[in-house]
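Hi there,

Here is the structure I promised to pass on to you. Have a look at it first, and then read my notes below.

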Amino acid sequence: MSLVEIDLYKELKKHFGFGQFKGLQEEVIKSIISNKNTFVVMPTGGGKSLCYQLPALMTEGTAIIVSPLIALMKNQVDALRGISSQDGIAHVLNSSLTKAEIRQVKEDITNKVTKLLYVAPESLTKEENVEFLRTVKISFMAVDEAHCISEWGHDFRPEYRNLKSIIGKIGDNIPIIGLTATATPKVQEDILKNLGMSDAKTFKASFNRPNLYYEVRPKTKNVDADIIRFVKQNDGKSGIIYCLSRKRVEELAQVLQVNGVNAVPYHAGLDPKKRAKHQDMFLMEDCEVVVATIAFGMGIDKPDVRFVIHHDIPKSIESYYQETGRAGRDGGEGHCLAFYSYKDIEKLEKFMSGKPVAEQEIGHALLQEVVAYAETSISRRKFILHYFGEEFPDDGEGAEMDDNVRFPKKKVEAQDQVVKL
Ligand code: ADP
Ligand code: MG
């Protein structure tokens, strides 16, 4: 197939029913179908899956999709089966399959029915799987959530480090597509190095979220009262409040309830029924506020979250960006308010003290960036985007959506822990 002959829009419509590509999708897809190693950096929700799904459906052979979470793989396989008349179009290969199921998967691949095979890196390492995959036509390998390869990422998985050598065993010249929402230059470097694709065509979308307002306030002993005031001023709007510990989540949710705010707690210590119920309440607007640990949010797609408050500062800029990114998905206002005290930084440092030295060093470096963000007097948007290797111009989109820009000179210092009102 030559590029000129293919009408990508027709394919997009046929398989997914969409009339337009999102962002850089079209360019990415062209790179993939011309068999080039390709590296895609796009924020969450940017539409990365389609970048490999459409080429997989269009090209000869089976694409191997590496993904770290069974739940993510299952979701995608279900969605693909929904748009196809053949269930075998997509499969997951993992250790929970029965012998008969594995036979079916292999049969579908051999019979050229399967266009996408999702595997966890552990399963891909298995000798018998490598042996089998050597015998069939592989169109390309996509490594989703590729930041898992890097110790500098927020979700390091050592098995991701072996992917390059495994793909080499499966076949020669199999193109590799790496995809991630992690924009830090260090992580990107690691990905390209580990996947052996310094030659990759790189596509990087902007991480600017112009509709988000960034603000940092000093954290005092009155932080609960500050939060209650903020929530009351934003009556009727949906918001998430992140706390570090489960205990704090419970306490703050209660304080809010006592003060007439319809809030629910969410953390991994709640029994699963209650957790699911609280998540649904939030999604269905049966409550205004969810007070949560970082266990809340993965895959939550509520478009009209109007504020994200950090009662406790997160452990990296990366996490902060991901967590605040849940605000304003619909393009409407999203207020990102972090309460900061240097004491919390010390607490986080202390948590790390039991960990291996290398991990501590990385953790410390990431935390220092958080301190710099909290204490900066320049545009916070500029700071975040710079951290992601992106230059943000003074008059860029959303430039005024920032406390430092709107109220210059107001500076939060580690030394000024207690601010008199
Ligand atoms: P990411 O992996 O980058 O976080 P996803 O692949 O999960 O993003 O896609 C996010 C959403 O965007 C999905 O609901 C998907 O259906 C939608 N989407 C992707 N591409 C398009 C498109 N071209 N037109 C409309 N919606 C799209
Ligand atoms: Mg994704």
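What percentage of the 421 residues of the protein chain count as buried? The answer is 39%. Please keep in mind that this is a predicted model.

Let's begin with the whole chain. The protein chain contains 17 helices and 13 strands. Along the principal axes, its C-alpha atoms fill a box of roughly 70 × 45 × 45 Å. A compact globule with 421 residues would have a radius of gyration near 22 Å, and the 23 Å of the protein chain agrees with that. If you take the contacts between residues at least 6 apart in sequence, 76% of them join residues at least 24 apart.

Next, a pair of helices to find in the viewer. Helix 1 (residues 8–16) packs with helix 3 (residues 48–58) at an angle of about 95°, and their axes are 11 Å apart. Because of that angle, helix 1 is roughly perpendicular to helix 3. Helix 1 brings Glu11, Leu12, His15 and Phe16 to the contact, while helix 3 brings Leu50, Leu54, Leu57 and Met58. Sorted by class, this contact of helix 1 with helix 3 has 6 nonpolar, 1 polar and 1 charged residues.

Finally, please look at helix 16 (residues 380–387), which is mostly covered, with 7 of its 8 residues buried. The buried ones are Arg380, Arg381, Lys382, Phe383, Ile384, Leu385 and Tyr387. Among the elements that cover them are strand 8 (212–218), helix 13 (317–324), helix 15 (357–375) and helix 17 (403–406). After helix 16 comes glycine 389, which has a positive phi, near 80°.

Enjoy exploring!

Best wishes

Key:
Residues are numbered from 1 along each chain as its sequence is written. Chains are lettered from A and ligands numbered from 1 in the order in which they are written. This is a predicted model: local features need pLDDT of at least 70, side-chain atom pairs count only at pLDDT 80 or more; totals for chains, interfaces and linings use all residues. Axes are lines fitted to C-alpha atoms, for helices over the stretch in contact, and angles run from 0 to 180 degrees between N-to-C directions. Helices (H or I, at least four residues) and strands (E, at least two) are DSSP runs, numbered from the N terminus. Angles under 35 degrees count as roughly parallel, over 145 as roughly antiparallel, 65 to 115 as roughly perpendicular and the rest as oblique. Two residues are in contact if their C-beta atoms, placed from the backbone, lie within 7 Å. Ala, Val, Leu, Ile, Met, Phe, Trp, Tyr, Cys and Pro count as nonpolar, Asp, Glu, Lys and Arg as charged, and the others, Gly among them, as polar. The radius of gyration is taken over C-alpha atoms; the globule rule is 2.2 Å times the number of residues to the power 0.38. A residue is buried if 20 or more other C-beta atoms lie within 10 Å of its own, exposed if 12 or fewer, and partly exposed in between; C-beta atoms are placed from the backbone.
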